[in-house]
Amino acid sequence: NIFLRQEIDRMQRVITLVRITLTDLKLAIEGTIIMSENLRDALDNMFDARVPALWRKVSWESSTLGFWFTELLERNTQFSSWLFDGRPNTFWMTGFFNPQGFLTAMRQEVTRAHKGWALDGVTLHNEILKQMKEDITSPPAEGVYIYGLFLDGASWDRKNCRLAEPQPKVLFTMLPVVHMFAVNSTAPKDPKLYQCPTYKKPCRTDLTYITFILMKTVQSPDHWILRGVAALCDIK
């Protein structure tokens, strides 16, 4: 609930700024108020279908204004549904300002549910399911279901739940639902599994890195490391 409050606060700031900018822009075009530098920048960017710098500063990166506004609506829908209809069965990872905070909150929730567990000794774990988002009808007993991730550099064998070679001319493959949960262990992960890095955007930097997802593979994990395989929340 604390995480949801923080996300809604940030979302509210974005919506408020967009509303103020558009209202002021309308008045400036009519000649009621002076066209400031920020308003001129917003007008120029909107004409070119780009996100105004002022909006991008408090929100998220996007290649076009159309994609940005679509994401605004989708994020708002997820938060509204969570707020008024209760906790959803699955969570859209792309729709969070702070996905790392979401996973940390889940880890804290699991830790509190088990007497004697210490947060320092609890680590994230995951299982990639065969089902897509539409097939999920109930939440997991523990942890969370997340969706909306895309695989870059490889494809996904849904039948055997493992990595596969990419299909010709297919850049990204949508992953099924991922069950993220926490375990009371700090032991090293199974070296036979590929630790797939997950990023918010296609631009892979430490600023967009979220966490890693463990994936089954027939080949050595080094094979996929050399291919640069990663999971992306957004491919636009």
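Basis. I worked from a predicted model, in which local features need pLDDT of at least 70 and side-chain atom pairs count only at pLDDT 80 or more, while totals for chains, interfaces and linings use all residues. Residues are numbered from 1 along each chain as its sequence is written, and side-chain values use heavy atoms, with hydrogens and water left out.

Entry 1, helix pair. I looked up α1 (residues 2-30) and α4 (residues 65-85), and found them packed at an angle of about 140° with their axes 11 Å apart. Helices here are DSSP runs of H or I with at least four residues, and strands are runs of E with at least two, numbered from the N terminus. Axes are lines fitted to C-alpha atoms, for helices over the stretch in contact, and angles run from 0 to 180 degrees between N-to-C directions. The two helices are therefore oblique to each other (under 35 degrees is roughly parallel, over 145 roughly antiparallel, 65 to 115 roughly perpendicular, the rest oblique).

Entry 2, contact. I noted F3, L4 and E7 among the α1 residues that meet α4, where W68, L72 and R75 are among the partners; contact means heavy atoms within 4.5 Å.

I read an open sheet of five strands in the order β7-β4-β11-β9-β10, with mixed pairing. Strands pair if DSSP finds at least two bridges between them. The twist averages 30° from one strand to the next. β4 (residues 150-152) pairs with β7 in the antiparallel sense over three bridges, and F150 stands opposite M174 in β7.
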